[in-house]
There are 2 protein chains.
Amino acid sequence: MTQISKSLQEELIATAHALADAARPVTLAHFRDPKIKADNKLQGGFDPVTVADRGAETVMREVLARLRPDDGILGEEFPPVEGTSGFTWVLDPIDGTRSYISGTPTWGILVAVNHGAGPVYGLIDQPYIGERFCGGFGQAYLDGPLGRRALAVRDVRDLSDAVLFTTFPEIGTKAEGAAFRAVSARVKLTRYGLDCYAYGLVAAGQIDLVIESGLNAFDVQGPIAVIEAAGGIVTDWNGAPVHDGGQVLAAGSKLHAAALAILQTG
Amino acid sequence: MTQISKSLQEELIATAHALADAARPVTLAHFRDPKIKADNKLQGGFDPVTVADRGAETVMREVLARLRPDDGILGEEFPPVEGTSGFTWVLDPIDGTRSYISGTPTWGILVAVNHGAGPVYGLIDQPYIGERFCGGFGQAYLDGPLGRRALAVRDVRDLSDAVLFTTFPEIGTKAEGAAFRAVSARVKLTRYGLDCYAYGLVAAGQIDLVIESGLNAFDVQGPIAVIEAAGGIVTDWNGAPVHDGGQVLAAGSKLHAAALAILQTG
């Protein structure tokens, strides 16, 4: 990574938090809104998720126009913006739209900034709980209802001691599902349904593995930054960088190696 | 139901909230505690969940000894207490222990009070978020990060519009799993992993159906009180009362009937 001065680091950190701060109220304005709940649809028609998604990404882009106008932007809802600074912001205003429309508290705002490759700083923000997982530039902490706590990936000895999360039991293609289940068969406990929040729990040392497929860059760069800062590893199922999206494996080093061996042999 | 005077209703409501208030800090003292996380085990050995469970139920029993000494108690962790008043408190200090040890914010404290049959008042409390779903004696509301909101079950027209939750995809016996999947195949979206929190989301009109099996009385009486107060129906898979536990179906009336027809024919 190019050397980034301390003052620039602080500016990027402040910008990341300003982005999540701006997006929070927009996402909450539509979350669990009883007036629009009847229009919640996964396909077609008026979609309140899109309203919240687009509204939140719009305010984040306004923050960037003000604070970091020369940076690029890669967001879920609008076309990419080429920058001139070398830095690109990767934004998912609402990760976990199915979770959001179901009223569960485990969707999140994802913010990351990269310098051409993997992210150098990132956030996973859960507005309803008021939680923010933060990682990069030597920081790795969670702010939430219990105050500020350091994030540190745990690395249990063996898959048989591990807790594994993924979003859907119907993961990816047939081959991807089989590979996932081969790991799942070896762990102590498999749970479902958290979207980005599961990556926060890996960083917090509460769970051990997240395995997913079909992710986009904006789904994964925030989580990568947070988990790497907390001492964990996030790659694709072949052990290669995954900041452009795809099949994702997140864990501490021992379990990452153990799970990778299973995923690669299918 | 026996007539219960307004002043007695108020006393029971205040007691229910006092129980959840007492249990909250005990459950949070062990939640995500990094010092004990390495000892989190689903079977055998020292189990921090048991420490939190037992500690929370102990303080709740102390509250009852002070406020309602003549009532009976049915709790998960200690032997039942016979009362003389006709009222029984049904307590689950931590519903969703796998969720609790995984650090997710969707476990809960369940409190209900019954007068010999189904519950007359109940709470689903999520201490980490600071949310409390409350129902009975004409009340149906949620207190949480967005303030106080009325609870009202929605009742979408058809299963094809419905969101279904259950805790595990590996639900119950083979026959129970098949019956569940027959309903799941008909709905818009099936999600997993929320434990008691899913019943709160039914009451809040955010999701439409919860289907589970193998529940105990203390798992279900709080949810029954909250959902019934919000206009929904909770029965077993044959449409019979389920306050003693078993197979649970929770929904608004139209979807309840539609799902019941599928569950009964397998």
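Student: Which residue in E12(A) is the bridge partner of Thr235(A)?

Tutor: Leu249(A) is the partner of Thr235(A). Strands here are DSSP runs of E with at least two residues, helices are runs of H or I with at least four, and both are numbered from the N terminus. One caution: this is a predicted model, so local features need pLDDT of at least 70 and side-chain atom pairs count only at pLDDT 80 or more, while totals for chains, interfaces and linings use all residues. Residues are numbered from 1 along each chain as its sequence is written, chains are lettered from A and ligands numbered from 1 in the order in which they are written, and side-chain values use heavy atoms, leaving out hydrogens and water.

Student: In which sense do E11(A) and E12(A) pair?

Tutor: Antiparallel, over three bridges, with E12(A) spanning residues 245-251. To count as a pair, two strands need at least two DSSP bridges between them.

Student: And E10(A) with E12(A), over how many bridges?

Tutor: Six, and that pairing is antiparallel. Leu209(A) sits opposite Ala251(A) of E12(A) there.

Student: What's the strand order in this open sheet of chain A with five strands?

Tutor: E9-E8-E10-E12-E11, with mixed pairing. E9(A) (189-192) and E11(A) (233-235) are the edge strands; each has a single partner, so one side of each is left without a neighbour in the sheet. On average, neighbouring strands are turned by 20 degrees against each other, direction ignored. Angles run from 0 to 180 degrees between N-to-C directions, and axes are lines fitted to C-alpha atoms, for helices over the stretch in contact.

Student: Which strands does H4(A) touch?

Tutor: H4(A), residues 174-184, packs on the sheet against E8 (163-166), E9, E10 (209-216) and E12 of chain A. Its direction makes about 160 degrees with that of E8(A). Contact means heavy atoms within 4.5 Å.

Student: What about H7(A), which strands does it lie across?

Tutor: E10, E11 and E12 of chain A. H7(A) covers residues 253-265 and runs at about 135 degrees to E12(A).

Student: At what angle do H4(A) and H7(A) pack?

Tutor: About 140 degrees, with the axes 8 Å apart. The crossing of H4(A) past H7(A) is right-handed. On the H4(A) side the contact uses Ala179(A), Phe180(A), Ala182(A) and Val183(A); H7(A) brings Ala259(A), Ile262(A) and Leu263(A). By class, that contact of H4(A) with H7(A) is seven nonpolar, no polar and no charged. The classes: Ala, Val, Leu, Ile, Met, Phe, Trp, Tyr, Cys and Pro are nonpolar; Asp, Glu, Lys and Arg are charged; the others, Gly among them, are polar. Handedness is left if the near helix is turned anticlockwise from the far one by less than a right angle, right if clockwise.

Student: Switching to chain B. How do the axes of H4 and H7 of chain B cross?

Tutor: At roughly 140 degrees, coming within 8 Å. H4(B) passes H7(B) in a right-handed crossing.

Student: Now the interface. How many residues of chain B are in contact with chain A?

Tutor: 45 residues of chain B, against 44 residues of chain A. The two chains bury about 3,500 Å² between them, 56% of it on carbon and sulfur atoms. In chain B, Tyr128(B), Arg191(B) and Gln206(B) lose the most area to chain A, together 19% of what that side buries. Buried area is the accessible area (1.4 Å probe) that two parts lose on being put together, summed over both.

Student: How many salt bridges does the rule find across the interface?

Tutor: Four. One pairs the side chains of Asp195(A) and Arg191(B), at 3.0 Å from N to O. The rule wants a side-chain nitrogen of Lys or Arg within 4 Å of a carboxyl oxygen of Asp or Glu.

Student: Last topic. What's the strand order in the open sheet of seven strands in chain A?

Tutor: E1-E2-E3-E4-E5-E6-E7, with mixed pairing. E1(A) (72-75) and E7(A) (147-150) stand at the edges with a single partner each, so one side of each lacks a neighbour in the sheet. The twist averages 15 degrees from one strand to the next.

Student: How do E1(A) and E2 of chain A run?

Tutor: Parallel, joined by four bridges. Gly75(A) has Leu91(A) as its bridge partner in E2(A).
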